[in-house]
Every structure is written in C-alpha cells, then in structure tokens.
Amino acid sequence: MALSDGVFAIAITLLVLDISVPQDLDPAQFHQALADTLPNLGAYAVSLAVLGGFWRDHRAIFRPVRQVDPDVIGLTVLGLGLAALLPFPTALVSEYGHERVSVVVYSAAVASLGAVHLALAAVIARRPWLRGGAEPVRDQFLYAIDLGATVVVFVVTIPLTLLVGPAAMWWWLVLLPVKVWLGRRENAAAG
C-alpha cells in the first residue's frame, strides 16, 4: 500500500509541474499568461479527479487483502505504471487539446487504468483466500458497474473523438451523474 500511495502522490504532483507563469512580465503579458494557464488548470482538475478516484478505489480494493499472488502483483504494477504515466497524456490534453490524438491518448490511458483496476478487483473477488476471509470494503457489483462505466465512457470517447473531434471530451461529463447515482446506491445498500 505504501508503494501505491507513493506512486499516486507522485503522479498527482507531476500533474501540476507544467502550470506556471513566466517572471518579469508587464501587466498585459501577465494577464495573457494567466489566461493561457486555464487549459492546464482544467486538465489538472480532470486528472486530479481521475487519479484521486483511482487511488481511493485502489485502497478499497486492497483494504481486505491479507496476501497477494503473482497475478495481483502483475496487475498492481501495471496499474501503478499507468497511473504514473497519466501526467503525460494530461500534458498533451492541456497543451494540444485541440488535437484529436491528444484526446485519444488521454482516453486510452484512463480506460486502460480503469480496465486494470477492474481486472484487479475481479481477481481479488474470485480469490477469497487472498482476503483471509475478510469481506470486500465496497459492494462488488456496484463497484464493477462504477469502474465499468468509467472504462466505457473513456473507450467510447476514442471513436467519438475521431468522428467529432476534441469536443468529444464533453462526453466525460456523463460520468458525473453516473458516479453520483452509484454513490447513492452504495450508501443506501450500506446503510
């Protein structure tokens, strides 16, 4: 868990490194430079939410785990690698969000990270001995729907971007009501 927490923390930190305003600008240049940071701040906010959600989910997946096997280790390393990679597609979207390939690369990275988390959750769910008899922290069915929705939305973004262009990023907003609805369902089931 410490390694995973560290990787997510570093990835989140790397997201912000591209956001800056040059020094020694006159007032007009300063205001323009500040306005130029808006795409970077938007990309940062989206990726912070994405990485924060996956970090929360990763901790929930592993909370009941008492031992791991090679499949769990392999999927975990793959997932951490994808999380650590996310600052690169974030920089692409912030600097070249008008290019289709930037949106496709970002969408593919997030969908891949979601698919790995889904596979990891499935492996741990199907191997109760890894949990030492402990119950999963989250409702497995709702959790699978949650992760599956994320994967589907980002996978669908890829052909959508090829059809309509970078504006397909707005499709990501469909996740907001889905996540809210699933959160309410999970809270109702727990309470």
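A residue counts as buried when its relative accessible area is under 20%. By that criterion, 39% of the 191 residues of the chain are buried. The model is predicted. The chain holds eight helices and zero strands, and its C-alpha trace spans about 65 × 35 × 30 Å along the principal axes.

**Overall architecture**

- From the N terminus on, the order of elements is α-α-α-α-α-α-α-α.
- Among contacts in the chain with a separation of 6 or more, 78% are between residues 24 or more positions apart.

**Aromatic pairs**

- The count of aromatic pairs comes to three.
- Y106 and F154 are both buried.
- Y106 also pairs with W172, again in a tilted arrangement, at 5.2 Å centre to centre and with 35° between the planes.
- Y106, F154 and W172 together make up one aromatic cluster.

**Packing of α7 against α8**

- Two packed helices are described by the angle between their axes and by the distance between those axes.
- For α7 and α8 the angle is about 175° and the axes are 10 Å apart.
- The two helices are therefore roughly antiparallel, the class that applies to angles over 145 degrees.
- On the α7 side, the residues that meet α8 are L142, I145, D146, A149, T150, V153 and F154.
- On the α8 side, the residues that meet α7 are L175, V178, K179, L182, R185 and E186.
- Divided by class, the contact of α7 with α8 contains eight nonpolar, one polar and four charged residues.
- F154 takes part in this contact from α7 and also belongs to the aromatic cluster with Y106 and W172.

**Packing of α4 against α5**

- The axes of helix α4 (residues 70-85) and helix α5 (residues 87-96) come within 5 Å and cross at roughly 30°.
- α4 and α5 are therefore roughly parallel to each other, as angles under 35 degrees are assigned to that class.
- A83, A84 and L85 of α4 make the contact with P87, F88 and P89 of α5.
- The contact of α4 with α5 comprises six nonpolar residues, with no polar and no charged ones.

**Annotated transmembrane regions**

- An unreviewed UniProt entry places the feature "transmembrane region" at residues 38-56, 68-88, 103-124 and 145-173.
- In the model, residues 68-88 are 86% helix and 0% strand, with the end C-alpha atoms 30 Å apart.
- Residues 145-173 are 69% helix and 0% strand, and their end C-alpha atoms are 17 Å apart.

Note on methods
Residues numbered from 1 in each chain as written. Predicted model: local features only at pLDDT ≥ 70, side-chain atom pairs only at ≥ 80, totals over all residues. Heavy atoms only, no water. Phe/Tyr/Trp six-rings, centres within 6.5 Å; stacked < 30°, edge-to-face > 60°. Buried < 20%, exposed > 50% of the residue type's maximum accessible area, 1.4 Å probe, protein only. Axes fitted to C-alpha atoms, helices over the stretch in contact; angles between N-to-C directions. Helix = DSSP H or I, 4+ residues; strand = E, 2+ residues; numbered from the N terminus. Parallel < 35°, antiparallel > 145°, perpendicular 65-115°, else oblique. Contact = heavy atoms within 4.5 Å. Nonpolar A, V, L, I, M, F, W, Y, C, P; charged D, E, K, R; others polar. UniProt positions renumbered as here; feature names shortened; annotations may be inferred.
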